[in-house]
Amino acid sequence: MTQANVNEWQTALLKQVDQLIELAKTRLPARQQPTIRGPEYWQRFAKHHYVRAADLLKAGNGFEAAKHFRRAALFGHSKAMLYLGQMFLQGKDLPESVFHACCWLTLADRAGEVEAEQIIDNLLHKLTARELNSARQLAAERFEQICEASFDVHGL
């Protein structure tokens, strides 16, 4: 194939691409306004995962329950934060981690779960000052994730 033939072929191909773009513009619907989902939407979503987790826990499937507790917790469900912290503390269905327990329990405490404060007081002696600061930093990062997840904008 000569250079002239390649140039003709590329020109024809680009012309076809331009025609397809124009055709798509006329046939595809116009872009809609973004849908903003507020806290009420995410509270229902969190509650769904919390109820699912409770059912799985009753059925003896703690690991799967923990997944749903985490999803609910990341959408701001305070009881889910509390139970997730307790699960990390107990180490029954999740790896035992005082560090992760402290993180989730700190969030639960700040979200208004009174029981979380008592549990935190009992586990503070198990963490070094550095671990405690790191757990609180992780809790702050998770809080940012929860805030980001509280509002979802679609269509932008």
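**View 1. Overall fold and burial.** Of the 156 residues in the protein, 31% are buried (under 20% relative accessible area; exposed is over 50% and partly exposed in between, with a 1.4 Å probe and protein chains only). The model is predicted: local features need pLDDT of at least 70 and side-chain atom pairs count only at pLDDT 80 or more, while totals for chains, interfaces and linings use all residues. Residues are numbered from 1 along each chain as its sequence is written, and side-chain values use heavy atoms, with hydrogens and water left out. Seven helices and two strands are present, in the order α-β-α-α-α-α-α-α-β along the sequence; helices (H or I, at least four residues) and strands (E, at least two) are DSSP runs numbered from the N terminus.

**View 2. The largest nonpolar core.** This core holds 37 residues, and Phe69, Met81, Leu84, Trp104, Leu105 and Leu123 have the most contacts inside it. Two or more residues each come from α2 (39-58), α3, α4 (78-90), α5 (98-110), α6 (114-123) and α7 (129-150). Helix α5 gives the largest share, eight residues. A nonpolar core is a set of buried Ala, Val, Leu, Ile, Met, Phe, Trp, Tyr and Cys residues joined through side-chain atoms within 4.5 Å.

**View 3. Surroundings of phenylalanine 69.** Beyond four places in sequence, phenylalanine 69 is in contact (heavy atoms within 4.5 Å) with Tyr50, Ala53, Ala54, Leu57, Ala80, Tyr83, Leu84 and Met87.

**View 4. Phenylalanine 63 in helix α3.** Phenylalanine 63 lies in α3 (residues 62-74) and counts as partly exposed because its relative accessibility is 45%. Not counting residues up to four places away, phenylalanine 63 touches Asp93 and Leu94. The C-alpha atoms of phenylalanine 63 and alanine 53 are 9.4 Å apart.
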